[in-house]
Every structure is written in C-alpha cells, then in structure tokens.
Amino acid sequence: IMDAVRLKYGIVLTLVVSWKARMIAKAIVDGDAVRQYYYLEAYGEELKHVCARNNYKLILERQPGLLLPRFGRFYMCLEASKLAFNCACRPIIGLDGCHLKNKFGGKLLIAVGRDPNYHYLLIAFVVVENETKDTWKWFLELLINDIGDIEANKWIFISDQQKVSKLFYSY
C-alpha cells in the first residue's frame with residue numbers, strides 16, 4: 001500500500017497510516033462478520049416464509065455469565081435443491097468439509113449430487129464448530145430426513161473421511 005500510494009500520488013505514508021487504511025478497506029470488503037451472525041435467524045425465517053419446505057436449523061449455545069447466545073451450528077437445505085436432486089441427479093451423494101478461514105473459524109460440511117450433464121448440485125450444507133463424528137451424524141440425520149429414507153432410495157454416499165463411513169454401519 002505504501003509503495004502504491006507513493007508511486008501513484010507521490011505521497012509518503014507511514015506504516016501506521018497504511019495499516020489503518022488496510023483495516024478500513026478490509027472491513028468494507030469483508031463486512032462485519034459479527035453482525036452477519038445476528039442475521040442468520042432472520043435469514044432462515046425468510047427462507048421458510050418464501051417456501052415452507054425449505055429447511056434450516058440454527059443452534060445457539062448459552063454460555064453461563066454471558067447475555068448473548070453463542071453460535072453453535074447452522075444447517076440449510078432448500079426445497080429446490082431437494083427436488084432437483086430427487087428428480088434429475090444420480091443416487092450418489094458426495095460429502096466433504098473444509099475450514100472456514102474467518103475470525104471465528106469453524107467447518108463447512110456439504111452434500112452434493114451430480115446430474116446427468118456432470119454438473120454438481122449443492123443439496124445441503126452445515127456450518128459447525130469442529131469436524132467430528134457427532135457433527136457429521138447430526139448433518140447426515142438432517143440430510144436423510146430432507147431427501148428421503150435411505151433404505152427406500154438406496155443412496156450411495158462418497159466421502160474421504162473415516163468418521164463418515166463408520167456412521168453408515170450404524171444405520
């Protein structure tokens with residue numbers, strides 16, 4: 001930033017001023033992450049208002065001594081995704097997770113299907129605190145409730161996680 005401003009405008013910035021400018025620009029681009037978590041419940045309710053079969057679950061944890069609840073888990077599966085998967089996709093569901101690299105961290109777990117044109121379709125996703133057997137089980141139970149019974153539809157699940165594959169032996 002210091003070099004770019006000096007070359008373009010001929011102004012010499014100090015390290016502190018350029019750092020503050022960078023933080024302001026980052027806040028404008030990224031937005032306020034704390035405020036975004038406050039909108040999750042309203043967003044989920046709006047999804048339900050648009051289509052009653054859209055499904056979301058928001059779990060907030062109450063910490064002793066704190067007034068405001070803390071984010072726990074969030075699950076979302078849209079009705080359009082469920083219908084598209086059941087009507088057009090192969091009975092194969094890919095499961096994967098990745099790290100969220102923001103101020104709060106966490107994991108994003110997803111379930112995707114693949115249509116006959118080899119395009120991927122997001123079926124459902126969940127944001128959780130850690131990628132554990134418990135969080136995968138919670139996600140898969142909600143997913144199976146949304147897309148239909150596992151025995152009747154003969155879904156095939158693909159994952160690179162041992163935690164996930166061990167869960168299917170219990171069904």
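The largest nonpolar core of this predicted model holds 22 residues. A nonpolar core is a set of buried Ala, Val, Leu, Ile, Met, Phe, Trp, Tyr and Cys residues joined through side-chain atoms within 4.5 Å. Buried means under 20% relative accessible area, exposed over 50%, and partly exposed in between (1.4 Å probe, protein chains only). Tyr75, Ile93, Leu95, Ile123, Phe139, Leu143 and Phe157 touch the most other members. At least two residues each come from β2 (70-77), β3 (92-99), β4 (107-114), β5 (120-128) and α6 (133-147). The most, 8 residues, come from α6. Another core, of 7 residues, lies apart from it; Leu40, Leu47, Tyr56 and Phe125 are among its members.

The protein has 8 helices and 6 strands. These are DSSP runs, numbered from the N terminus: helices are H or I of at least four residues, strands E of at least two. Their order along the sequence is α-α-α-α-β-β-α-β-β-β-α-α-β-α. The radius of gyration, taken over C-alpha atoms, is 21 Å, well over the 16 Å of the globule rule for 171 residues, so the protein is more spread out than a compact globule. That rule is 2.2 Å times the number of residues to the power 0.38. Buried residues make up 29% of the 171.

The structure holds 0 disulfides, a disulfide being a pair of cysteine sulfur atoms within 2.5 Å. For Cys77, the nearest cysteine sulfur is that of Cys51, 11 Å away. Cys77 is buried, at 0% relative accessible area.

Residues are numbered from 1 along each chain as its sequence is written, and side-chain values use heavy atoms, leaving out hydrogens and water. Local features need pLDDT of at least 70 and side-chain atom pairs count only at pLDDT 80 or more, while totals for chains, interfaces and linings use all residues.
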